[in-house]
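Notes follow in the order I took them.

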Amino acid sequence: MKRSPAFCLLAILAFSSAAANTRGTDTQLVKTTVFGKLKDGREVRQFTLTNNRGVTMQAIEYGATIVSLSVPDRKGKIEDVVLGYDSLQGYVDDTSYFGAIVGRYGNRIRRGQFQLDGQRYSLTINDGENHLHGGRIGFNKVLWNGTVLDDPAGPSVQFRYVSKDGEEGYPGTVQIAVTYTLTDQNELRIKYEGTTDKPTILNPTQHSYFNLTGDFTRTILDHTLMIEADAFTPVSKGLIPTGELQKVAGTPLDFRTAVRIGLRIDDADEQLRLGQGYDHNWVLRGNPGQVRKVAELYDPLSGRLMSVLTDQPGLQFYSGNFLNGAAKGKKGIAYQRRSGLCLETQAYPDTPNNPQFPQVTLRPGQVYRQTTIYHFSTR
Ligand code: BGC
């Protein structure tokens, strides 16, 4: 049968509009809106990811920050489980790193000093006499560029940032991409990729504060926590590792089986005194480079369970000890001490000054990679 050119054109149009619709449906799982404007006029966009079970995650271009993550409790009630603010200004003024990507180096570097290939580098000092979380203007205080990705695993957004040579004292221009994907299995998958044009160090992490009750007027002391670790890196003053690995057995840092966080948090223990609670790095079992389950956080009240999987060597468990009610968060709630906790997947603190720790050097031609998954279910 012969078809007229008009018919062919219609057919092509119908086909392409069907294709556009399919794409449209896909990308509807990611809604892009404007979250706010920075003082200099730059717009900060927000991406809302929704999976097919109604779980949502919202992230903004400022700090590649997760601003909400809403997951079901055991009765199916969906509530936000991460601390944060209602407006951009909250994140601009924030000193607690709520929800942000931190780096270049997540965690502390002693006196901000390190050597690489015989060169000495001095980083910004922003935590007593040490360097913390990338410095004064770390990855959490810069504008990233977000793009919606087409990922068969689920709605996905990628944030990119170029960190210039010398930024906060770090050598080399680093290109970094962080991808958040919300799968239909209720996993938030976080993938990092970084490259450099000069030898440097790179150790970014995600700094969400979780409170699985969904009620941020409560503390996290009744959550239970399990960490797959037989040892931790003990610290001295200023939370700088001594360089040793200490067995957790017989200490309040033993989370090899699930324990209520509040049970031992105020024990008369030198490490807890130094951290004013838990603020330590656990030496994870298994092989760094392989994604494996490393922790399980459970809230008996709501039944929400969060498993943490990562390919990183370490996990910083910070029990929100320095929150003091000064930060007014979402719905005006003042975040009191220990109302949220962080489970930061990373290399050990102060690695550049501890050659016996798994190293974080990144050289031109190499690609830094990290995969971390927060998986939500109920019990
Ligand atoms: C650190 C804490 C620090 C906090 C800043 C955590 O990752 O372990 O010591 O106070 O970040 O909000």
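Predicted model: local features only at pLDDT ≥ 70, side-chain atom pairs only at ≥ 80, totals over all residues.

**Ligand shell.** With that cut-off I get Ser96, Tyr97, Arg108, His133, His207, Tyr209, Leu239, Asp279, Gln316, Tyr318, Phe322 and Glu344 around the ligand. I sorted the shell by type and got 5 nonpolar, 4 polar and 3 charged residues.

**Polar atoms at the ligand.** I went through the N and O pairs next. Asp279 puts a polar side-chain atom 2.4 Å from a ligand oxygen. For Glu344, an N or O atom of the side chain is 2.7 Å from an oxygen atom of the ligand. Ser96 comes in through its backbone instead, with an N or O atom 3.1 Å from a ligand oxygen. Then I checked the cover: the ligand exposes 310 Å² when taken alone, and the protein buries 94% of that. Which pocket does the ligand sit in? I find it in the largest one.

**His133.** His133 is not a glycine, yet its phi is positive, near 50 degrees. I place His133 in the loop between β10 (131–132) and β11 (145–149). Is His133 buried or exposed? I count His133 as buried, because its relative accessible area is 6% and the cut-off for buried is under 20%.

**Asp350.** Here is another non-glycine with positive phi, about 50 degrees. Asp350 lies in the loop between β27 (342–346) and β28 (361–362). Its relative accessibility is 2%, so I put Asp350 down as buried.

**Gly103 to Arg104.** I looked at omega here and found a cis peptide bond, with omega near 10 degrees. Arg104 belongs to the loop between β6 (101–102) and β7 (108–109).

**Gln312.** I found Gln312 in the loop between β25 (304–310) and β26. Its side chain makes a polar contact with the side chain of Asp311, at 3.1 Å. Gln312 has a relative accessible area of 7%, so it goes in my buried column.

**Gly320.** The loop between β26 (314–318) and β27 (342–346) holds Gly320. I read a relative accessible area of 0%, so Gly320 is buried. I also took one distance: Gly320 and Asn287 are 33 residues apart along the chain, and their C-alpha atoms are separated by 28 Å.

Conventions. Residues numbered from 1 in each chain as written. Heavy atoms only, no water. Near = heavy atom within 4 Å. Polar contact = N/O pair within 3.5 Å; in protein donor to acceptor, adjacent residues only side chain to side chain. Areas by Shrake-Rupley, 256 points an atom, 1.4 Å probe, with all protein chains shown as cover. 1 Å grid on protein atoms, 1.4 Å probe; cavity = no way out; pocket = protein on both sides within 12 Å on 5 of 7 lines; lining within 4 Å. Sits in = over half its atoms within 2 Å of the grid points. Nonpolar A, V, L, I, M, F, W, Y, C, P; charged D, E, K, R; others polar. Helix = DSSP H or I, 4+ residues; strand = E, 2+ residues; numbered from the N terminus. Buried < 20%, exposed > 50% of the residue type's maximum accessible area, 1.4 Å probe, protein only.
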